[in-house]
Amino acid sequence: MENLIDFVNRLQIACTALGDYSGGNNSLSSLWEALPSVAVVGGQSSGKSSVLESIVGRDFLPRGSGIVTRRPLVLQLHKTENGTEEYAEFLHLTNKKFTDFSLVRKEIQDETDRITGKNKQISPVPIHLSIFSPNVVNLTLIDLPGLTKVAVEGQPETIAEDIESMVRSYVAKPNCLILAVSPANQDIATSDAIKLAKEVDPEGDRTFGVLTKLDLMDKGTNALDVIEGRSYRLQHPWVGIVNRSQADINKSVDMMVARRKEREYFETSPDYGHLAAKMGSEYLAKLLSKLLESIIRKRIPNILALITKSIEELERELDRLGRPVAIDAGAQLYTILGMCRAFEKIFKEHLDGGRSGGARIYGIFDNQLPAAIKKLPFDRHLSIQSVKRIVSESDGYQPHLIAPESGYRRLIEGSLNHFRGPAEASVNAVHFILKELVRKSIAETEELKRFPSLQIELVAAANTSLEKFREESMKSVLRLVDMESSYLTVEFFRKLHVMETQESQTLTPTITDQYGEGHFRKIATNVAAYINMVSDTLVKTIPKAVVHCQVKQAKLALLNYFYTQISQSQARDEIDAAVWVR
């Protein structure tokens, strides 16, 4: 019980590592919400960063125009013995100490950009920074993005609402103390921090008012009405702060010197001298540290109860997930291959009829393909006007003598080109169904549910294979169409000629103009009959090609590429281990 703040610090670190933080999406009981904390809230240019640096006694926070703080910063202060070296540590950089605090500032910027990018976006995922120093008190502060009203270039128009929503997710918690920072040289009625604090803490029980920039007020004015609670009363007394001036920041004036100047300002001020003992960043830090420890002491039973509940929930979840995975690389490979086989078994059951899904592929061949072919625009292509034009163009300057063979070939080839569309559509439709069955099979494989990363790898490997099968299938079905164009079935036209000869012998002979409408209508009828014959053939052969190149290959070799990759990886690991032993 000697250092309760340090106890809560460790819990906050554990919560963040498990994805449990304010604004997070944690399905288990949120321990973070039960942990007492101090959130620092303020509008842009309110002096919020300077307050934090004054409390720490170090210049370490990023500065600049616009929204600088774009992720919550959980700042954990640890008081060390006098004379010890100051240093900082980040949760995301284990076992690395920073003694140069300019590098701390750079790391905060880099880590912010790593999650949010450099386009001024925001993220609720916190950065954990621990500072060990003899010049601090044991205290944890959460620095939140500054409240803003307008978006800068590169930011979404909703940035103001997004920031307020994030800040609200922290300060609305009943266990959160609100450090509302407002500049003294602005009307307190316009303070964004006070406005938000009043909404989530209308009684003011959790709100601490901090008034900055007292030294920048117009001559002859002061902020006593606010500090003494006459303008806006809070349950806790207001604390005035005098930050470093911009000139001091530019000159890199030492923070310890700045603290001394701040004390001297209040001690010698005619307006605030009588309040000097309860003003300044050092007093604020000590006040918050004592109050935070007091609140933690009261909340300990509830915190322990929630920890016990969370452990029970996690144990139930572990029981549901199954036995642990072996550490040995060979055993891990065996486990992975076993899960892959379980997935393949379910996938094949979908195709073969043991589970739903395979019938959709049959539906493509039995319904969609014939329907698509029936909709092909042969009526336009074989209209009297089209036939007459194509035959005439094929004859050139010399008319055909008996049958327009060149015209027939051009009409047939033009008609056959229309079959490419339904053929391609069949390949793509089957490819889509196979991808859907992969995702469905992975979701139904119990062994994979505890390994989301492996699921992603399997989907990627399966899709890579399916894409190759699609390419091969596409080549095959288009080759079938091209083969019909490459060599026409002569026997069809020979039989057609015999039938026409027999008809002419049994019927009264008539003279037909080879350039009359009846002649071209007869050509269109003959070509249509041939195309119908080819259509019947393709309706039977396209499914054969698709099944052979896509469905059958998916059953036989869906994860071959994945097996090869992990086997090669295992071999490389064994070689590396052997080299290391030598």
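Predicted model: local features only at pLDDT ≥ 70, side-chain atom pairs only at ≥ 80, totals over all residues.
**Helix H3.** Phe101, Val104, Glu107, Ile108, Glu111, Thr112, Asp113 and Thr116 are buried in H3. An α-helix has 3.6 residues a turn, so residues three or four places apart point the same way. I then looked up what lies over the buried residues of H3; the cover includes strands S2 (73-79), S3 (87-90), S4 (93-98) and S5 (127-133).

Glycine 117 follows H3 and has a positive phi, near 80 degrees.

Most residues other than glycine have a negative phi. Asparagine 95 has phi near 60 degrees and belongs to strand S4. Because its relative accessibility is 80%, over the 50% cut-off, asparagine 95 counts as exposed. Lysine 213 also has phi near 60 degrees; I found lysine 213 in the loop between strand S8 (207-212) and helix H6 (224-227). Its relative accessibility of 22% is why lysine 213 counts as partly exposed.

**Cores.** Which residues touch the most other members of the largest nonpolar core? They are Phe60, Leu129 and Leu214, in a core of 88 residues. Helix H9 (residues 281-321) gives the most to this core, 10 residues. A second, separate core has 55 residues, among them Leu333, Ala461, Ala554 and Ile566.

I listed the contacts of phenylalanine 60, leaving out residues up to four places away in sequence. They are Leu52, Glu53, Leu73, Leu75, Phe101, Val104, Arg105, Ile108, Leu129 and Ile131. Of these, Phe101, Val104 and Ile108 are on my list of buried H3 residues.

**Glutamate 344.** This residue lies in helix H10 (residues 329-352). Glutamate 344 is buried and has no salt bridge. Lysine 348 is the nearest side chain of opposite charge, at 5.5 Å, and a salt bridge here needs a nitrogen-to-oxygen distance within 4 Å. Apart from neighbours within four places in sequence, glutamate 344 is in contact with Leu559 and Tyr563.

**Whole protein.** I recorded 19 helices and nine strands. Of the 582 residues, 46% are buried. Of the contacts between residues at least 6 apart in sequence, 80% join residues at least 24 apart.

Key: Residues numbered from 1 in each chain as written. Heavy atoms only, no water. Helix = DSSP H or I, 4+ residues; strand = E, 2+ residues; numbered from the N terminus. Buried < 20%, exposed > 50% of the residue type's maximum accessible area, 1.4 Å probe, protein only. Lys, Arg positive; Asp, Glu negative; His and termini not counted. Contact = heavy atoms within 4.5 Å. Core = buried A, V, L, I, M, F, W, Y, C linked by side-chain atoms within 4.5 Å.
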